[in-house]
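Dear colleague,

I am handing over the structure below, together with notes on what was found in it. Please read the notes with the coordinates open beside them.

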Amino acid sequence: MDTQTLWQIVLADLEVQVGKVMFQTFLSQTKLLELSDQTATIGCTQPFLLSLIEKRYYPLIKKTLDSYTKLDTTLLFKPISGPPKTTIDGPLFHVKPQQNMSTSRVRLHPEYTFENFAVSSSNQMAYAAATAVSQKPAVSYNPLFLYGGVGVGKTHLMQAIAHIMIKNRSQTKLTYCTGEEFTNEIIEAIGNKSTVSFKKKYRNLNLLLIDDIQFIAGKNAVQEEFFHTFNAIQQSGGQIILTSDKPPEEIPRLEARLQSRFEGGLSIDIGPPDFELRTAILLIKAKQRDVALPINLAKLIATSVENPRKLEGVLVRALTESQTQGVPLDEDLIRSILGKTAKKVEKTAVSPQKALQVVASYYHLTLTQLKGAKRDRAVSLPRQVLYYILRSELNVPLVDIGNIVGGRDHTTILYGVRKISDLLQVNKTINGDILGIKQQLLE
Ligand code: ADP
Ligand code: MG
């Protein structure tokens with residue numbers, strides 16, 4: 001095998017171990033320049049990342065490389081000049097895992113554990129089911145089918161179950177793979193006429209985890225083989241855990257018999273993380289890197305970044321910049337990384353008191369009039385505009401708005417907010433008013 005092919009395989013393996021974000025940020029920038037005399041020379045196209053990669057990933061890279069070469073290699077890192085890259089986020093190249101599954105051991109992300117999983121209303125059902133399955137596999141929820149959008153924690157939660165099962169029963173025979181890898185393996189087995197060993201490998205498992213199972217839909221031979229694998233594992237008392245981007249009934253071109261198998265267990269939806277959960281995830285990710293991330297910075301990031309995968313990206317980027325440029329990890333740094341989205345953050349930093357003043361002066365009213373009890377249109381409309389601004393721009397809860405604006409009931413506030421949002425669709429004057437007020441809030 002030439003060094004290039006070898007490195008592609010090693011990188012594919014590393015990607016699975018460290019996760020896509022870390023992989024793309026750090027490891028995808030590396031090349032194996034030379035392998036001789038048990039020394040691997042690894043080049044990096046981003047010289048400023050070099051010492052970080054070496055510090056953080058030396059043992060992992062060595063272990064992974066050695067597992068393929070069967071050597072005891074010393075790693076040497078050196079910079080290589082490549083085309084300048086403006087961002088460290090994007091992948092330089094993407095390596096598809098292409099090695100035969102049977103050559104890889106169980107590849108679980110070491111940090112995808114229950115301890116590292118934050119729970120909130122969007123994922124607590126899934127969390128409860130996952131812990132139940134990890135304690136009593138193949139008893140109640142079989143298969144466990146977790147579905148939801150990108151980055152909501154499906155892979156993390158599914159692997160957390162596997163970690164517990166390995167810990168509790170070291171004899172557990174388990175396989176983790178993606179729907180895509182499973183597909184490739186079946187196709188390969190059919191091509192090589194090695195379906196017998198494929199069957200032997202899969203049908204004796206105690207635990208089968210297939211991530212992104214939607215990938216097999218529409219592929220007849222694969223669905224057929226999976227159906228038999230599924231039945232064999234279930235009948236011999238094994239647990240099956242699947243994830244998907246959609247519930248079984250919504251996966252296009254999924255065979256009906258598979259759909260009914262998937263629905264025969266428990267399928268649970270994981271929703272997008274709310275602000276609190278995003279903040280908690282950031283704190284966990286920082287802790288894993290031994291960084292004390294101040295809570296106000298975690299909140300600042302969580303306000304403007306919604307996708308959990310990007311959360312980690314922003315954090316890594318902040319840490320990298322702070323280390324390589326010797327600047328403190330503070331609000332300025334975070335804001336500069338967040339760039340444009342930071343404007344949105346500033347907007348939320350406006351105080352309710354300021355909103356009151358701006359609305360009052362915009363409509364030439366006094367604060368007392370605005371907060372008072374009078375109900376004629378000259379004050380009631382501005383008051384409703386104020387509710388709307390507080391709710392939709394400053395994100396103040398309805399009950400709090402009621403308290404701020406003269407002790408009103410939250411249903412009154414809700415009524416006002418809805419009225420203004422309806423008016424906004426049809427009324428140009430209100431539109432202009434809101435724009436003008438928003439402008440003044442930012443001044
Ligand atoms: P999915 O498989 O649903 O696309 P992942 O499991 O890959 O999402 O999660 C994306 C990233 O967000 C991972 O780094 C994961 O650890 C993190 N993450 C998502 N949800 C949580 C959570 N509730 N607690 C801690 N980390 C989370
Ligand atoms: Mg996933």
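In β2, Ile42 is the bridge partner of Leu32, and strand β1 (residues 30-36) pairs with β2 in the antiparallel sense over six bridges, where strands are DSSP runs of E with at least two residues, helices are runs of H or I with at least four, both numbered from the N terminus, and two strands pair if DSSP finds at least two bridges between them. This is a predicted model, in which local features need pLDDT of at least 70 and side-chain atom pairs count only at pLDDT 80 or more, while totals for chains, interfaces and linings use all residues. Residues are numbered from 1 along each chain as its sequence is written, chains are lettered from A and ligands numbered from 1 in the order in which they are written, and side-chain values use heavy atoms, with hydrogens and water left out.

The two strands β1 and β2 form a hairpin with two residues between them, and Asp37 in the turn has a positive phi of about 50 degrees. β2 also pairs with strand β3 (residues 74-79), here in the parallel sense and over six bridges, with Thr41 opposite Leu76 in β3. Five of the six residues of strand β2 (residues 39-44) are buried, meaning under 20% relative accessible area with a 1.4 Å probe and protein chains only. Thr30, which lies in strand β1, is buried as well, with a relative accessible area of 2%, and its side chain reaches the backbone oxygen of Leu27 at 2.7 Å.

Turning to the ligand, domain 2 (101-270) and domain 3 (275-341) both give residues to the shell around ligand 1, so ligand 1 lies between them; the domain bounds come from an automatic or database domain assignment. There are 18 residues around ligand 1, of which Gly151, Thr155, His156, Lys285 and Arg309 come nearest, a residue being near if one of its heavy atoms lies within 4 Å.

A polar side-chain atom of Arg309 lies 2.5 Å from an oxygen atom of ligand 1, a polar backbone atom of Gly153 is 3.0 Å from an oxygen atom of the ligand, and a polar backbone atom of Ala118 is 2.8 Å from a nitrogen atom of the ligand. The protein covers 96% of the 560 Å² of accessible area that ligand 1 has on its own, with areas from the Shrake-Rupley method and a 1.4 Å probe. The elements giving two or more residues to this shell are α5 (154-168), α10 (275-288) and α12 (308-325).

With best regards

Note on methods:
A polar contact is a pair of N or O atoms within 3.5 Å; within protein, one must be able to donate a hydrogen and the other to accept it, and residues adjacent in sequence count only if both atoms are side-chain atoms. Buried means under 20% relative accessible area, exposed over 50%, partly exposed in between (1.4 Å probe, protein chains only).
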